[in-house]
Structures are given as structure tokens and as C-alpha cells.
Amino acid sequence: MLRMPALTRAEADVVDAYVAVLASLARVNPARQDETYGALRAAQALVSQATALRDALALMFQRGETTVHSSTLVRALLILDAEKSIDRLSVGNQAAI
């Protein structure tokens, strides 16, 4: 069983906001969206989620957390299954064009 790595509060906020941004981007993706209303709602949410991501990173920097421990954050993203949202960001196979 995978365990969530120890994160500072600001790191956890970065991870949470990043996952939210990915999920909204995936819902906006025209290759995966059939209705403009759903894409519009996701785009509207994206604004506040991007702001939350910026604020979490700014807080880390202000607190002197100037190093991103990517291996730790990647483990957290894997545990939160962020890859599903990342997969939904693709526009598909170029051979289909």
C-alpha cells in the first residue's frame, strides 16, 4: 500500500491545487468535451484553482521553502492518481487527423 509522503502544509496545498487545475483542464479539453456549458464551467473554475496554486507557491517561497522536492511531490501526485487527469489532457492520435 502506498502511503502519502510527509508534506508541509504549503506543499500539500500546491499538490491539491495542481490536481484541481489538471482536472479542470481535462474537462475543458475539446477532444474530450461534447458540451460548451461543461467546458465553460471548468474554465471558470480553472481561474480560482490557478490562483490557489499561485498562492500556495508564493506562500512556500515566503516561508523560505525555495526548493521543490519533486520526487516527494511526484509520489503524492501518483497516490492522488493525477495521471488520469494528465491522460485526459491529450488531444488524441495524430494519425486520426
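This is a short talk about helix α1 and the two salt bridges in this structure.

Okay, hi everyone. One thing before we start: what you're looking at is a predicted model.

Let's begin with helix α1. It runs over residues 9-28, so to speak a stretch of 20 residues. From its first C-alpha to its last, α1 reaches 29 Å, and that is close to the 28 Å expected at 1.5 Å a residue.

How buried is Ser-24? Its relative accessible area is 0%. Leaving aside residues up to four places away in sequence, Ser-24 touches Ala-42, Ala-45, Leu-46 and Gln-49.

The other one is Glu-11, also in helix α1. Glu-11 counts as buried because its relative accessibility is 6%, and the cut-off for buried is under 20%. Which residues does Glu-11 touch, again not counting those up to four places away in sequence? That would be Ala-6, Met-60, Glu-65, His-69 and Leu-73. Its side chain also reaches the backbone nitrogen of Thr-8, at 2.9 Å. And here's a distance to look up in the viewer: Glu-11 and Ala-58 are 47 residues apart along the chain, with 11 Å between their C-alpha atoms.

On to the salt bridges. How many does the structure hold? Two.

One of them joins the side chains of Arg-9 and Asp-13, at 3.2 Å from N to O. Why mention where they sit in the helix? Arg-9 and Asp-13 are four residues apart in α1, so about one helical turn separates them. As for the surface, Arg-9 is exposed, with a relative accessible area of 57%, whereas Asp-13 is partly exposed at 25%.

The other salt bridge is between the side chains of Asp-55 and Arg-54, at 2.9 Å, N to O. Here Arg-54 is exposed, with a relative accessible area of 52%, and Asp-55 is partly exposed, at 39%.

So, if you want to follow along on screen, find Ser-24 in helix α1, then go to Arg-9 and Asp-13 and look at their salt bridge. That's it from me, thanks!

Methods. Residues are numbered from 1 along each chain as its sequence is written. This is a predicted model: local features need pLDDT of at least 70, side-chain atom pairs count only at pLDDT 80 or more; totals for chains, interfaces and linings use all residues. Side-chain values use heavy atoms; hydrogens and water are left out. The expected span of a helix is 1.5 Å times one less than its number of residues. A salt bridge is a side-chain nitrogen of Lys or Arg within 4 Å of a carboxyl oxygen of Asp or Glu. Buried means under 20% relative accessible area, exposed over 50%, partly exposed in between (1.4 Å probe, protein chains only). Contact means heavy atoms within 4.5 Å. A polar contact is a pair of N or O atoms within 3.5 Å; within protein, one must be able to donate a hydrogen and the other to accept it, and residues adjacent in sequence count only if both atoms are side-chain atoms.
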